[in-house]
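Please look over the structure shown below before reading the report that accompanies it.

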Amino acid sequence: MRATRAVIHLGNLKSNIRAIKSFTKPGTKMCIPVKADAYGHGSVECAKAALDAGTDFLAVATVDEGVELREHGIKAPVLLFSLCAPEEIENAVSNEIIPFVFDGEYISLFAKEAERQGKKNYPVHLAVDTGMGRIGCLPEEAPLMAKKIADSGLFLQGTMTHFATSDSKTPSSVEYTKLQFSRFTKALELITQAGLNPGIRHCANSAATLDLPETHLDMVRPGIIVYGYDADEVNSEYLSKKGTPISLKPVMTLETEVSALRPFSKGMSVGYGRTWTAEEETDIAVLPIGYGDGFVRRFSKAGVKVSINGKNYPIRGRICMDQCMVDVGKNSGVKRWDKAILFGCREDGALQTADDIARLTDTISYEITTVLTRRVPRLYVD
Ligand SMILES: *Cc1c(COP(=O)(O)O)cnc(C)c1O
């Protein structure tokens with residue numbers, strides 16, 4: 001295996017799920033998204049670990065992601081969070097992937113295919129758009145759509161919505177989440193008043209799961225916190241102050257090793273465009289990781305550091321496709337083949353997390369782990 005690898009601590013993933021479960025009432029179901037290769041952590045292994053820890057549903061964003069789970073023997077119910085193309089519906093239905101639906105055309109496409117495959121009462125979830133502006137029918141259309149689902153021979157297994165601002169604690173965000181939740185409650189009432197059963201009611205993402213117990217209803221859908229990162233402002237500090245502390249452990253450590261140590265004299269420059277030149281003698285460590293691995297180019301300018309033997313060192317020059325260079329200074333004691341940690345768990349020697357890199361580079365932890373490419377082997381440990 002190459003030295004550049006993502007170590008995936010499945011034990012931490014399970015411990016995060018157990019910690020999250022303590023925020024919900026017994027009997028509340030849990031749906032864990034393993035979309036985008038489990039936020040970059042590896043969907044099949046993370047799905048299996050999540051099921052071990054007592055998850056009820058898994059979720060994917062594409063039919064192919066769902067098929068991958070099935071091909072690895074995973075039998076648990078799988079929700080499809082995004083819409084698929086009409087030509088994918090056959091595969092979705094034959095693999096028992098449960099779609100979010102919200103309009104007549106899409107409902108009848110699934111109903112026809114389920115009938116064609118002889119599957120009675122094929123389950124679907126009704127998506128209600130309460131203010132995310134992505135997928136879903138308007139709250140007042142919910143009973144009509146629920147009726148369409150029933151009339152077409154499908155089974156309304158659940159009804160969902162998704163929050164746009166639950167991870168922010170500014171007054172206007174808090175107000176907006178309340179408004180979304182009241183619209184959702186209204187839609188559920190309308191469905192019941194029409195004599196239909198909304199099924200499993202679910203809306204809570206990571207932030208709402210930890211912060212807004214009234215939104216848990218029948219099932220929660222936490223994502224980023226399962227992988228060990230904060231849900232933005234609903235972070236560990238906020239939760240401690242609130243009196244409901246949680247200890248989340250990062251699941252991924254991204255590591256590599258020093259593949260060469262190069263003595264530099266004054267005036268020698270590093271990398272494309274010569275953006276850095278040594279002003280004095282120093283040692284430059286070459287690391288076999290670059291933007292081809294998802295260690296993206298803008299990290300160097302943003303001041304992202306690399307930890308070697310418990311100390312942080314600056315990246316010099318531009319990150320290349322396959323390599324980057326780090327300034328360890330003179331007499332650092334760093335040796336060739338020493339381990340270098342880009343981010344991850346403290347117990348692996350990481351001095352920063354994906355959250356720290358996200359803050360420096362004006363993005364969110366989701367993106368830092370999700371963009372790691374296939375070239376980075378995932379090494380699963382307990
Ligand atoms: C991705 C996703 C989630 C999980 O969101 P987090 O912010 O990672 O908790 C929940 N629900 C839906 C519909 C999603 O697409």
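## Basis of the model

This is a predicted model, in which local features need pLDDT of at least 70 and side-chain atom pairs count only at pLDDT 80 or more, while totals for chains, interfaces and linings use all residues. Residues are numbered from 1 along each chain as its sequence is written, and side-chain values use heavy atoms, with hydrogens and water left out.

## Barrel and strand pairing

Eight strands form a closed barrel in the order β2-β3-β4-β5-β6-β7-β8-β9, with parallel pairing; helices (H or I, at least four residues) and strands (E, at least two) are DSSP runs, numbered from the N terminus. Two strands are said to pair if DSSP finds at least two bridges between them.

Strand β17 (residues 324-327) has antiparallel partners: four bridges join strand β14 (residues 282-287) to β17, and two bridges join strand β16 (residues 311-316) to β17. Ile284 stands opposite Asp327, and Arg316 stands opposite Met325. Cys324 and Val326 point one way from β17, whereas Met325 and Asp327 point the other way, and all are buried (under 20% relative accessible area, with exposed meaning over 50% and partly exposed in between, for a 1.4 Å probe and protein chains only). In a regular strand, side chains alternate between the two faces of the sheet.

## Ligand site

Around the ligand there are 13 residues, of which Lys35, Tyr39, Ser206, Ile224 and Tyr366 come nearest; a residue belongs to this group if one of its heavy atoms lies within 4 Å of the ligand. An N or O atom in the side chain of Lys35 is 2.7 Å from an oxygen atom of the ligand, and a polar side-chain atom of Arg134 lies 3.4 Å from a ligand oxygen atom. The backbone also takes part, with a polar atom of Ile224 at 2.8 Å from an oxygen atom of the ligand. Taken alone the ligand exposes 390 Å², and the protein buries 91% of that (accessible areas by the Shrake-Rupley method with a 1.4 Å probe).

## A buried aspartate

Asp211 is found in helix α9 (residues 206-211) and counts as buried because its relative accessible area is 5%. Its side chain is joined to that of Lys242 by a polar contact of 2.7 Å, a term that covers a pair of N or O atoms within 3.5 Å; within protein, one must be able to donate a hydrogen and the other to accept it, and residues adjacent in sequence count only if both atoms are side-chain atoms.

## Salt bridges

The structure holds 19 salt bridges, each a side-chain nitrogen of Lys or Arg within 4 Å of a carboxyl oxygen of Asp or Glu. Lys147 and Asp151 meet in one at 3.0 Å; both lie in helix α7 (residues 142-151), four residues apart, about one turn of the helix. Lys147 is partly exposed because its relative accessibility is 47%, and Asp151 is exposed because its value is 56%.

Arg316 and Asp327 also meet in a salt bridge, at 2.9 Å. This pair links distant parts of the chain, with Arg316 in strand β16 and Asp327 in strand β17, eleven residues apart. Arg316 is partly exposed because its relative accessible area is 21%, whereas Asp327, at 9%, counts as buried.
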